[in-house]
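Dear colleague,

I am handing over the structure below, and I would be glad if you could look through it alongside the notes that come after it.

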Amino acid sequence: VNAPVAARTADKRTRPAMAARELKAVKCPNEVYALRNLATVSPEDYAGQTSIYVCVKNVSGKEFFFSAAIVEGMKSGEIGFSSPQRSYAKIAMGDKLQVSIKKFQATDFLGAMTLQIDFMKKKQAGKDRYDTTALSKTIVSNFNRQVFEQDMEFVFAFQGETSEVKF
């Protein structure tokens with residue numbers, strides 16, 4: 001996976017690329033974005049952008065990095081998160097968050113990562129073995145060029161089943 005990994009150091013790579021703006025946390029507007037591990041923002045707030053990386057400071061002051069999609073229909077002043085994203089970053093619905101665009105450098109990208117994959121509904125988990133090559137291709141296709149952090153959790157669909165993933 002060609003994915004930037006957010007560094008947790010105090011060097012220039014972790015500094016936001018623009019001034020932070022306050023956005024209210026809301027539910028991700030569509031399962032498509034949740035299954036792609038994308039936060040969602042309004043085109044009014046990020047005019048001229050197509051997709052971005054954001055640095056989100058939660059109410060406790062801790063920073064988290066997400067890939068974000070610019071989504072028509074999102075209200076200005078809001079940022080949408082899936083349930084696993086909110087849980088991971090300790091964000092509650094309605095929280096006022098400081099959000100800034102993050103720029104990554106070429107040296108911030110990785111070529112491989114190890115994931116733990118689990119079924120969302122354990123009782124409905126298939127007993128079949130999965131084609132790991134097809135699984136890898138699905139993950140690369142769905143999450144290429146996204147930002148990940150250690151212990152980040154997200155969901156995705158593979159062969160009709162939704163799975164929970166931990167990086």
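What follows describes the protein as a whole and then one of its helices.

This is a predicted model, in which local features need pLDDT of at least 70 and side-chain atom pairs count only at pLDDT 80 or more, while totals for chains, interfaces and linings use all residues. Residues are numbered from 1 along each chain as its sequence is written, and side-chain values use heavy atoms, with hydrogens and water left out.

The protein has 3 helices and 11 strands (DSSP runs, H or I of at least four residues for helices and E of at least two for strands, numbered from the N terminus), and along the sequence these follow the pattern β-β-α-β-β-β-β-α-β-β-β-α-β-β. Of its 167 residues, 43% count as buried, where buried means under 20% relative accessible area, exposed over 50% and partly exposed in between, with a 1.4 Å probe and protein chains only. Among contacts (heavy atoms within 4.5 Å) between residues at least 6 apart in sequence, 76% join residues at least 24 apart.

Within α3, L135, I139, N142 and F143 are buried. Seen down the axis of α3, its buried residues fall within an arc of 75 degrees, so they line one face of the helix (the arc being that of the directions from the helix axis to the C-beta atoms). On the other side of α3, K137 and S141 are exposed.

At the N-terminal end, D131 caps α3, with a side-chain oxygen 3.0 Å from the backbone nitrogen of T133. After α3 comes R145, whose phi is positive, near 70 degrees.

Best regards

Key:
Polar contact = N/O pair within 3.5 Å; in protein donor to acceptor, adjacent residues only side chain to side chain.
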